[in-house]
Amino acid sequence: MTLVHRVLSPHPIATLEEYLERGGGRGLEQARKQGPDVTIEVLRASGLRGRGGAGFPTGVKWRTVRDNASPAESTTVVVNAAEGEPGTFKDRTILRNDPYIVIEGALIAAQAMGSPQIVLAMKKSFITELERVRRAVREYEEAAFTGGIEFVVVEGPNEYLYGEETALLETIDGRYPFPRIAPPFRRGVSEVVESQGDATSDSGLSAHVEMAGPGGESEAPPALVDNVETMANVSRIIARGADWFRTEGTEKSPGTIVCTVTGSTQRHGVGEVIMGTTLREAIDEIGGGPQPGHHIRAVMTGAANAFIPESDLDTPLTYEDMAAIGSGLGSGSFIVLDETVDVVAMAAGASRFLAVESCGQCTPCKQDGLILSDLMASLCRSEAGQGELATIAKRLGTIGDRARCTLANQHQVLLNGIFERFADDVRAHVEGTAQPAEPLLVAELLTIEDGAAVVDERHREKQPDWSYDAVWSGKVPAEELDDHRAPQVLEE
């Protein structure tokens, strides 16, 4: 098995001129020639599924957004470049190597949606990527390739929930990243319907969540939100056709996927593999396999899925096969754990990450999450007994109550997977036969340099109110940040 380069260029594309010389621009030309309906149908027939985590069919999403277009306001195309899943660096790698392919995909989307504006939403800490994207946008504009479509680059906060698509839309519209109930095809970027209720009511909470009424001038415009890797696939599918895209991958998961491999491997890195490649093969090809003399015990796929045991390493990397083993493909993030890593301590670190990053709009998510985080810390320190295990089970049953986004469900899935698949490790800590351990750091990747991942060490100090104060205020972000306008959001 070798790495491929459909969307991840093996070296940086320096200029728009170089991109066009290599065949770029043909997808946009074809999209303008054939019109929106044909473009969306080609995308649907290709079987491209969103590469942001859920794997929803991209063509179906585009058709849904177009069918829900507002008669009063224009649809906005949004590129979600707010990458923050632990262990993931693939979107930033794509943008560093070839922002032009992402921008072309976004222009095709705007043409299909009849959108006058494209928003590129990134974190303000992504300095290298911001510079690359802004320069690429200027080149497109100077070359008159945009067709009059306006580009807006948004620099958002570093919070994990900023990458959740409804929270992303809240942030773009100038508020904090608190997820909405309304999906993007019902509520887009612009504030059209005023939120009612205070920050603690079920109707209003902190995000402006109400959906517009049916029909007429009051109808809210939708937004099309796709992540970087998804957009990077679009131009070549439209230029070369659905059948070309399906020459790689499987029937239900065609194409390729860009993966990040970190943890207990010989090197850390990002690489593109054909869908259907096994997890073991991807780890070997991208990460060089485990360190000499060691073996893989488990693989953590970000903070969104159950840990994968060594016995499932030969599972093909497809949405359906990963779901069949009770995990998920997610954003292609694979944190490898060898036999020297305490699986329970890693799960405790992931539990803390999710508890801290919860916004608190849904009380069970934050309250139960923090309790679970404390109990998992006690467990990996070998200080928990049967009573604590019973409390963990109880809280896992309630944490997802009334949840408006998937974060609480992620917490459930991840910890339930530990208790189901690594019961011996849990038992060893309860019985005191395992060495006590501290929760391991689980946080966003800042970069990968010389084959080594750099993790956000500062997250150790982050409080549940999203501050870095020495003492937690006792409040949650949805209460603490009661001025919903977010001054850190910048536009260009």
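**Cavities, pocket and cores**

Tutor: The structure holds two cavities of 30 Å³ or more. Please keep in mind that this is a predicted model.

Student: How much space lies in the largest cavity?

Tutor: Leu-161, Ser-358, Cys-359, Gly-360, Gln-361, Cys-362, Cys-365, Cys-405 and Leu-407 form the lining of this cavity. The space within the largest cavity is about 50 Å³.

Student: Which helix gives the largest share of the lining of the second largest cavity?

Tutor: The second largest cavity holds about 30 Å³ of space, and its lining consists of Arg-6, Val-7, Asn-233, Arg-236, Ile-237, Trp-244 and Phe-245. Two elements give two or more residues to this lining, namely helix H9 (228–240) and helix H10 (242–245). The largest share is three residues, and it comes from H9.

Student: How do the residues of that lining divide by class?

Tutor: Arg counts as charged, and Arg-6 and Arg-236 are among the lining residues. The division for the second largest cavity is four nonpolar, one polar and two charged.

Student: Which residues lie nearest the centre of the largest pocket?

Tutor: The largest pocket has about 1,300 Å³ of space. Elements that give two or more residues to its lining include helix H4 (58–67), strand E1 (76–81) and helix H16 (407–421). Of the 47 lining residues, those nearest the centre are Gly-52, Gly-53, Ala-54, Gly-163 and Glu-165.

Student: How many polar residues does the lining of the largest pocket have?

Tutor: Gly is counted as polar in this classification. Beside 16 nonpolar and nine charged residues, the number of polar residues in the pocket lining is 22.

Student: With which residues is Ile-118 in contact, leaving aside its neighbours within four places in sequence?

Tutor: Ile-118 is one of the residues with the most contacts inside the largest core. Beyond those neighbours, the contacts of Ile-118 are Val-77, Val-79, Ala-106, Leu-107, Ala-110, Ile-149, Glu-150, Phe-151 and Val-152.

How values were computed
Residues are numbered from 1 along each chain as its sequence is written. This is a predicted model: local features need pLDDT of at least 70, side-chain atom pairs count only at pLDDT 80 or more; totals for chains, interfaces and linings use all residues. Side-chain values use heavy atoms; hydrogens and water are left out. On a 1 Å grid over the protein atoms alone, a cavity is a set of points where a 1.4 Å probe fits but cannot get out, and a pocket is an open set with protein on both sides within 12 Å along at least five of seven lines; lining residues have an atom within 4 Å of a point. Grid points are joined across faces, edges and corners, and a volume is the space filled by probe spheres set on the points. Helices (H or I, at least four residues) and strands (E, at least two) are DSSP runs, numbered from the N terminus. A nonpolar core is a set of buried Ala, Val, Leu, Ile, Met, Phe, Trp, Tyr and Cys residues joined through side-chain atoms within 4.5 Å. Buried means under 20% relative accessible area, exposed over 50%, partly exposed in between (1.4 Å probe, protein chains only). Contact means heavy atoms within 4.5 Å.
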